[in-house]
Amino acid sequence: MTFGQLLKTYKWWTLFTILLGFSSTGLSLLVPKLAARAIDTGDFSSWSPTFTTLIIIGASAFVVVIIQIFTSNYLSEKVALDLRNQLIKKISRQSFQYIDESTPGQLQTIFTSDIEAVKAIIVQGFVTLLSALLTLIGAIIFLLNTNLRLALYTISIIPLLAVAFGLIFGSIGKLFQATQENIQSIYANINETITGSALIRILHGGYEEVKKFKVVNENAKKIGFSIVKGFALLVPIVVLLANVATLIIIWFGGKQVINGTMTLGDFSAFLSYSAMFIWPIFVLGFVGPSISRGLVSLKRINNVIAANIKEESGTYEGDIQGDIEFKNVSLIYKTENGSDKTVLKNISFKIHAKTKNAIVGPTAAGKSQLFYLMSGLIVPTEGEIFIDNRPLSEYKISSLLKHIGLVFQDSILFNTSFRENIAFTSESEKNRDILNKAIETAELTQLVKELPDGLETMVSERGTSLSGGQKQRLMLARALAVNPQILLLDDFTARVDQNTESLILGNVSKNFPEVTLVSITQKIEPIKNYEQIIVLMEGEIIGTGTHQQLLKESFEYRQIFESQMSTDTIKS
Amino acid sequence: MTKIYSLDKKESNVITPLGVKASTGDFFSYLKEDKSKLIFAFIFIFMNSTANTVSPFLVSKAIDRYISVGNVDGLLNIILILAGVATITIATGYAQSMLIGRISQRTLYRLKEGLFAKLQSLPTAFFNQNKAGDLMSRINNDTDKINQFLSQWIGQFIGVMFSLFGVVCFSLYLNWKLSLVMMSMVIFIYIITLLFSPKIRKENKKNLEANSDFSAALQENLTNFRVVAAYSKRDYLENHLEKKNNATFKSALRSGFANRIFEPSYEFFGAIALILVLSYGFHLISIGGATVGVLIAFVAYTQRFYDPMKTLATAFGAIQLASAAWVRLQEVLSLENNLKTENQKGDESGKPKLRLELKNVSFSYDDKNMVIENANLSFEPGKTYALVGPTGGGKSTLASIMAHLYDPTLGVVYLNGKDITIYSQEETSKEISVILQDPILFTGTVAENILYANTDFTNVSIDDLNRVLEHKGFKDVIKRFENGLSTTIKQNGAGLSIGQKQLISFMRAILREPKLLILDEATANIDTVTEAILNKTLEALPPETTKIIIAHRLNTIKDADEIMFVNGRHVTPAGSYEQAIRMITDAKRNS
């Protein structure tokens, strides 16, 4: 939303703040007037009405300023809260692709740095600007009231000021955009150095990291300098004009007092008001950068809030059996230089419910994408996918996912309790049985027993206190806790030893007999008896069938099988 | 080794009443480099403030000497002087802004550089004990608070101090009695400042923490978004983040209010002071102790004394905030790496003929549960060893100790006959390389990743690199990437499968020709055909290379010279391959 819309949303607060601004400004404007009157009337006694008025004004100003601080503070934080909540709502509804493709650090920057900049508009910019403008207008009115001719001379500097400011702010806007982008790069840099910390130490690559960081840091310094240079000009301009104003007043005003056309008291008041006239101009110079920067950030935030989300068109929410069919499915990405990258080409197969299926094939992207397609996380470029003979597009994806358990290739754990990592819930609930079943099946019971706080033990960020195999088993438990109809395992047993592997696969068969299992795997031995094996190579299916069939018909399959251990030696 | 690197457990330093002294000591070392600039800036600020303060004094003279007696010529003179003073104000103001701006940008640069360098000096344990989002927040946001203070407030703050000094001097000179009355309110200001500062600083600290907390939660969920999407847990994510957001809101309200609480109070005292000045001033005029001109000047001086006080009040809030931020930075900067390297007292009595030897090595992450107990292992040059065992048994931990990512809790690790702690990290990195279970890649090209931190291959062209790698047997591997070595990689290899990432790790490690290569489940995610290709490349390593292979797959280890069995803290040699198989199939996994 634009700044105008932002203000409209908070119109009551804004009006209240303006009202307070009026009051506190009005109050402070009265003070010189009263002092002037006191000097002119020669009213020297301490208990005169003038003094009483001054005391009342002082006290009221105090109260008003306190309230004003609270309201401006509240307003800016509320705006930040609401903007952030809007961002949160938007992000959590976004597609997996959007998040994947957003530049590292971009969202982090938007939530922190850009929000701070918008807040600054309100605290430093908006409210201060408003009081400054009010003070300016008030001071001008009082000046005109005190001595018309002198006032007009004094006010003549304003148009010059406007021109100068306009020029400076115009040229600096671009620099703020650059600042935000630089912050994004810094975030990305820091993130990489943290996630890669073990490797960096093994390779003694600290100097490389420092080198990379130096680039973005130098850039930050350069942009910062440019902004400093731009705004450094503001000060001399303001001071120059302010001093010109003062000199005008003293010369012309002084002459008028000498001629007798102005009283000394009025002259004193005029001097005070001119100080009040000058202060807001300084403020404009001080505050201008904040507003300029905040508007740039607001635009960035709006881009995220306004981003398109493909609406969910599907409505079917029922249970599923687990039949999966792919008809001529292709997945084509656009690479950075604009060319096409075909990840999957013309894939067709049928998986029957409640059967065990495996997908084998060489190392390359493509197999995992099959799983993302099956669960509706991404959409195919060509072709159609059916579940239970119904097109995937007819399903309400959020409902469908409740029946699919997907275990990713790499371990993804959260810095919450074990329970939350498995079941996403922190309170004990009616599904306790399912939770236990999942833990048992994944052979985690022993591990959970040994944890200091049982299931409530916290898993450290990125799961660094667990071994590779333990993380994988935790991910499996997570998938099973859903009580899935379809279980998708992406290279699950890669990190798990043979014993545990056969135990787990046995458990799955026993505890989840109705499940449709699809397993991407490198090892043929454990899947030999599966109902169907699909061989995928460079994005294309080169064979489907049982183990025996493929041994006969597929050269590549034979090659894979023969490169692995023969059964006899293992059994001995 | 308990969680000594965890930033969570840190307690901040004892806070003195003004809240500033305790932690500013170290901060000034960051400014030292710009000492000369700072001095010039101070000079300009001083000149600027003096010029600012002289004006009312001159105005007062103008009124008394010339305006009230009708001396136009004298008025003209004083106007010229005022114009001169104004020029000085302008010139010094500009110079001051430029200098302060430069100084604050450079200081910010050094702060960030220092923090980042500190991160590089800390061991793996530090990163395991802290959250990515929290560190990001400290390096990016907390430093910015300090920058804001420097760039916006230092000039103002110092200028105000000088102005105040100037006002005090001139006003004392003009009429010392009236001057004392004017300044009398300062006592009260000082008292309330003293009273409230600690609380303000605490609120600021809490606010910075809440923000850090939010960043951490956001970062984690963005990184793990796949799971959030696949498990349809978007509501969970939304609620989780909204809760953190509300926490930042609440703490921001409190700290924001706290930071500005002085303004109205200072203003109030200013008003009282004006009243006092006026009443006492009138009294003096009535007894002939002061002129009207003097009173008028004092009205201006009072304003010029207490308005800056208001600025000080606001600046003070910024000081508290910057100070709280600085404490958080210090929490990181004050950490020292506990990992022993370049240890002069290291034992050199190991067997030099052995590549690596573990003597009575025990290890625990938390000083409570031993993960490895009393391991005694020898690894000879040129041999291939296999470490097998059930998941969770301690194999990767052992690998971390062998690569000196952690010091053993008990016992010694000898590298080429010397305690491994004697070597520097650089020396160790040249001798030992590890292919990790979870491959790590950096943004850049495949080539850049392969050459990362490789000091033997600087400035090599893509073609040359291709040739070298093909020579080592990686031709078919390179083909797996759409643009070969020039393929660009996004953040940690998004879009590549683990297997593909692992291929790059292989090339990277083998190019270094380490004397000891540890493979931690390196081929777990790679198909067996490709694995065979990679094994061949291992054979291309120099014959004296020692290889330690951690694996589950039997055919991965079948060519090992010696097999060791790791399970639940104990390492047992398994002798022959057949024996190993028996141990594996019989073994009960411990967790």
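Student: What makes Lys244(B) and Asp213(B) a salt bridge?

Tutor: Their side chains come to 3.3 Å, N to O. A salt bridge needs a side-chain nitrogen of Lys or Arg within 4 Å of a carboxyl oxygen of Asp or Glu, so this pair counts. Bear in mind that this is a predicted model, where local features need pLDDT of at least 70, side-chain atom pairs count only at pLDDT 80 or more, and totals for chains, interfaces and linings use all residues; side-chain values use heavy atoms, with hydrogens and water left out. Residues are numbered from 1 along each chain as its sequence is written, while chains are lettered from A and ligands numbered from 1 in the order in which they are written.

Student: Why can this pair be said to tie parts together?

Tutor: Lys244(B) sits in helix α9 of chain B and Asp213(B) in helix α7 (residues 186-223) of chain B, so the bridge joins parts that are 31 residues apart in sequence. Helices here are DSSP runs of H or I with at least four residues, strands are runs of E with at least two, and both are numbered from the N terminus.

Student: Is Lys244(B) buried, exposed or partly exposed, and how do you know?

Tutor: Check the percentage. Buried means under 20% relative accessible area, exposed means over 50%, and partly exposed is in between (1.4 Å probe, protein chains only). Lys244(B) has 23%, so it's partly exposed. Asp213(B), at 32%, counts as partly exposed too.

Student: What makes Arg106(B) and Asp34(B) a salt bridge?

Tutor: Their closest N and O atoms are 2.7 Å apart, and that passes the rule. Arg106(B) has 23% relative accessibility, so it's partly exposed. Asp34(B) has 1%, so it's buried.

Student: How do you know that Lys212(A) and Glu192(A) pass the rule?

Tutor: The N to O distance is 3.9 Å, and the limit is 4 Å, so they're in. Lys212(A) belongs to helix α9 (residues 206-232) of chain A and Glu192(A) to helix α7 (residues 157-195) of chain A, 20 residues apart. Lys212(A) is partly exposed because its relative accessibility is 26%, whereas Glu192(A) is buried because its value is 13%. Over all chains, the rule gives 41 salt bridges.

Student: How many salt bridges cross the interface of chain B and chain A?

Tutor: Seven. One pair to look at is Glu238(B) with Arg93(A), whose closest N and O atoms are 2.9 Å apart. Glu238(B) and Arg93(A) also belong to a salt-bridge network with Lys89(A), Asp235(B) and Glu242(B).

Student: What is the buried area between chain B and chain A?

Tutor: About 14800 Å², with 65% of it on carbon and sulfur atoms. Tyr109(B), Arg226(B) and Tyr231(B) supply 5% of what chain B buries against chain A, more than any other three residues. Buried area is the accessible area (1.4 Å probe) that two parts lose on being put together, summed over both. As for contacts (heavy atoms within 4.5 Å), 153 residues of chain B touch 161 residues of chain A.

Student: What makes helix α10 of chain B close to its expected span?

Tutor: The helix (residues 262-286) has 25 residues and reaches 36 Å from first C-alpha to last, close to the expected 36 Å. That expectation is 1.5 Å times one less than the number of residues. Gly288(B), with a positive phi near 80 degrees, follows α10(B).
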